[in-house]
Amino acid sequence: KEKAAYISTSQLPAGRRCQFAVTLDISPGWHINTNPSNPEYLIPTELTLKSTLGVTLENVYYPLGMKLKMEETDEVFHVYDKTVTLIGDLIVPDSAAGKTDRLSFAIRYQACNEEACERPQTLHLEATVNVSQIGEPVRQINDSVFQSASPVR
């Protein structure tokens, strides 16, 4: 599974919010469960964040995914395959102004194929990002990632 993380601004905006995106490329023949999972007993894909400066996640958007019907059951599974992008907001505290943050995204998922499911795993994406001064302008970046992944809100 390949992974990448993006932010929508050139640096984190102190005292404000910006968007983030985490993109997962899922190996051919495999899928991971949506969030919320369907059926409910499956382990959903879940994104969390740790930040050294207190940046937090809000409004994480999990796409609907696709419906998958297995031959041996009548159940319909909701899954992500090929590529999925999770987006949301990063809330940056005033106290982070002018500092450098270490963001650590964790993506918990369970990969399955037609025969079996693997044990749940957690992928980690780490990034060091600068935080603006309070009121300092930040440039919009990575527009193509956010335009292709953004839900209508």
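Partly exposed residues are those between the buried class, under 20% relative accessible area, and the exposed class, over 50%. All views show a predicted model.

**View A. Salt bridge between K69 and D74.** The closest N and O atoms of K69 and D74 are 3.9 Å apart. K69 has a relative accessible area of 49% and is therefore partly exposed, whereas D74, at 73%, counts as exposed.

**View B. Salt bridge between D89 and R17.** The two side chains meet at 3.1 Å, N to O. D89 belongs to strand β8 (residues 83–91) and R17 to strand β2, 72 residues apart. D89 is buried at 8% relative accessible area, while R17 is partly exposed at 43%.

**View C. Salt bridge between E126 and R102.** Here the closest N and O atoms lie 3.0 Å apart. Because E126 is in strand β11 (residues 121–130) and R102 in strand β9, the pair ties together parts 24 residues apart in sequence. Both residues are partly exposed, E126 at 45% and R102 at 38%. Elsewhere, salt bridges with shared partners join R17, E58 and D89 into one network.

**View D. Aromatic pair of F20 and F105.** The rings are tilted, with 5.3 Å from centre to centre and 35° between the planes. F20 lies in strand β2 (residues 17–25) and F105 in strand β9 (residues 100–109), so the pair ties together parts 85 residues apart in sequence. F20 is buried at 0% relative accessibility, and F105 is buried at 3%.

**View E. Open antiparallel sheet of 4 strands.** The strand order is β6-β7-β3-β10. β6 (66–69) and β10 (111–112) stand at the edges with a single partner strand each, so one side of each has no neighbour in the sheet. Strands β3 (residues 31–33) and β7 (residues 76–80) are joined by 2 bridges; the bridge partner of I32 in β7 is Y80.

Notes:
Residues are numbered from 1 along each chain as its sequence is written. This is a predicted model: local features need pLDDT of at least 70, side-chain atom pairs count only at pLDDT 80 or more; totals for chains, interfaces and linings use all residues. Side-chain values use heavy atoms; hydrogens and water are left out. Two strands pair if DSSP finds at least two bridges between them. Rings of Phe, Tyr and Trp (its six-membered ring) pair if their centres lie within 6.5 Å; planes under 30 degrees apart count as stacked, over 60 as edge-to-face and the rest as tilted. Buried means under 20% relative accessible area, exposed over 50%, partly exposed in between (1.4 Å probe, protein chains only). A salt bridge is a side-chain nitrogen of Lys or Arg within 4 Å of a carboxyl oxygen of Asp or Glu.
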